[in-house]
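The sequence and structure come first.

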Amino acid sequence: MGILINIDNGGTFTDVCLVAGEQVVRTKTLTTPYDLTKCFIEVLKAGSKELYGQENLQKLLAETDYIRYSTTAGTNAIVQKKGPRLGLILREGVDPSFLLEGQEEREMFASMVDDRVAGINVNEEQSRLEARVVEAVNRLLSQGANRLVVSLGGPTMVEDEKKIRNIILRKYPRHLLGAVPVLFSHELVEDQDDVKRTWGALINSFLHPGMERFLYNAENVLREYRTKNPMLIFHNDGNSARVAKTYAIKTYGSGPRGGMEGAKALAKHYKIPALLTLDIGGTTSDIGLVKEEQILENVYGEVEGITTSFRLSDLISVGAGGSSIFRVENGKVIVGPESVGAVPGPACFGRGGQQPTITDAYLLMGILDSRSYFGGRMTLDESRARAAIEEKVAAPLGVSLDEALLAMEKAYEQKIAQGLAVYQDKVDKATLLAFGGAGPMSACGAARAAGIEEVIIPRLAAVFSAFGISFSDIAHEYQASLTEWNQEGIMEKIDQLKIRAERDMFAEGFTLSECRVETYLSVVRDGKLEVIQLKDAAEFLEGLEGTEDVQVNLKVVKPIAHYNFETSANVAPITPVPVRHQRILHPSKEWLDVPVYRFEEMAPGSTGSGPALIEDQLFTCRVLDEWTFKVTENKDIFMRDERRKYK
């Protein structure tokens, strides 16, 4: 097996995890939002240096089998509402207000479409219809639209959209400069729900040009190095596919899904029935749940509160991350959701940031060591951190610096605990898996605030979303609405979906016979998804007359190489030796000397108790007092709150 490269491009850092047989190396670089291709190449160079001891990108790519990649670029574009101006074509007489149910929809529609809407009567005589289509397209373009979406509802949606497509292709042929990019909603997803389908098409079109430009630029760079296989884009459904077979909307939220895939693999390995995930990045803490080795998902996923036709992980984002800004309002410490991001970053980064963050607080509390942060590649400035917190937190509260630091930590942990509570109600008892650059520092505190007694810090915590991507296969999923309630109707839909699957997998370089094909029905009842295997379909259909929300699903998978965990084994307890002691600020307002352990020197079986710090090159794990820790055979850190254990 060749090298597997897995990259997660986040808002603050871009992470890489390289799997070379049994060896796993990881590193990260600062994200360059002004040119994502730059940090993409830089993190590959940094990865080659970690693997070979010197930078050698040519050798790394020559020895690589697969590159899997995820990016937050699409997510950021939606959040910031930065993208192309869209024009929307509906049926004549249809008011676009059916898309504007809530505040989120109204704001997003105003950013994407505004008043660029046209109506067409598809039943008009052909020459008249052609004239109306040209008139509508020209008007939308003159209003500033640079991409169009056609979404026609009703039972003849597919046929009618194809009719308009044929006219546009004739009147605006692709070889002419006047050609206009158009998305026909049925080509993206076959869903009879006009609202979900139309929003999915709008969001996809909004994301498409930016994602296309960057991803093809990155792929072109790889071609210059003659990489063996095309770059694979990791999707928000847990699958991977080449750039040319990726819908832009599938990149939305793909980074957090990588972490969920890694959590799913760990839950299966350690046989943990319920695993709460806490991914603390620079701007947010993303929280999800793996229950009985399955990722909790929404059948109709939401993009910034807008329901779409696409299945997405059931995640919530809490505005509390390593770069979230703290402020004081009415005598209370408030965390986020505003963030300083990577540029200028926390005040202690010394890049011009003047706002207080939890990173600044942890530095002044002694939890972070300015000399070893980020593997010693970034020196932190305590004086800048102190100035920001004294001015923006301590002075408005009228308290000392130490009291301000503890108030910031408490507010931060409580905000994360409130997010965890959303999923705690869904299980009897859960273990917390904390990762991301800032996850290990806050895991015990957030768990204690949420009443959770066991925490896991994976050994690859700082790049865990990138690591999780390595568990994905090359796969595509398809769905189609069921309108005929009989076995023949089901099989006809499946045959149609198989034609699409065969075409897409051929483009990936595989025949359908090399792939695993899964088919099933899905129906939503009372807000819950029911999955029905085809052998049970006849009996199932008897009670569904008049039900609209039934889908035929097909998934085609070409398995590729994954990382393999060490076989579970009982390892003898070992008492690790600290490399030094460090003074940290305790909740009692006292400064205590605590042992600091170097993670790479801790063998499996290492055990101990808090208060303590476990220092990795890319993260710092804080063990609170009355918590114990143990390093497993896979070098994951298990921590337990001994106070709760005996309650």
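## Helix packing

A crossing is left-handed if the near helix is turned anticlockwise from the far one by less than a right angle, and right-handed if clockwise. Helices here are DSSP runs (H or I, at least four residues), as are strands (E, at least two), numbered from the N terminus. By that convention α12 passes α13 in a right-handed crossing. The contact (heavy atoms within 4.5 Å) involves Tyr-412, Glu-413, Ile-416, Ala-417, Leu-420 and Gln-424 of α12, and Ser-442, Gly-445, Ala-446, Ala-449 and Ala-450 of α13.

## Basis of the model

This is a predicted model, in which local features need pLDDT of at least 70 and side-chain atom pairs pLDDT 80 or more, while totals for chains, interfaces and linings use all residues. Residues are numbered from 1 along each chain as its sequence is written, and side-chain values use heavy atoms, without hydrogens and water.

## Salt bridges

The count is 40 salt bridges, each a side-chain nitrogen of Lys or Arg within 4 Å of a carboxyl oxygen of Asp or Glu. One of them joins Lys-196 and Asp-193 at 3.1 Å, N to O. Lys-196 is buried at 9% relative accessibility (under 20%; exposed is over 50%, partly exposed in between, with a 1.4 Å probe and protein chains only). Asp-193 is partly exposed at 31%.

Glu-477 pairs with Lys-555, with the closest N and O atoms 3.9 Å apart. Glu-477 lies in strand β23 (residues 474-481) and Lys-555 in strand β26 (residues 550-558), so the pair ties together parts 78 residues apart in sequence. Through shared partners, salt bridges join Arg-257, Glu-261, Glu-297, Arg-311, Glu-477 and Lys-555 into one network.
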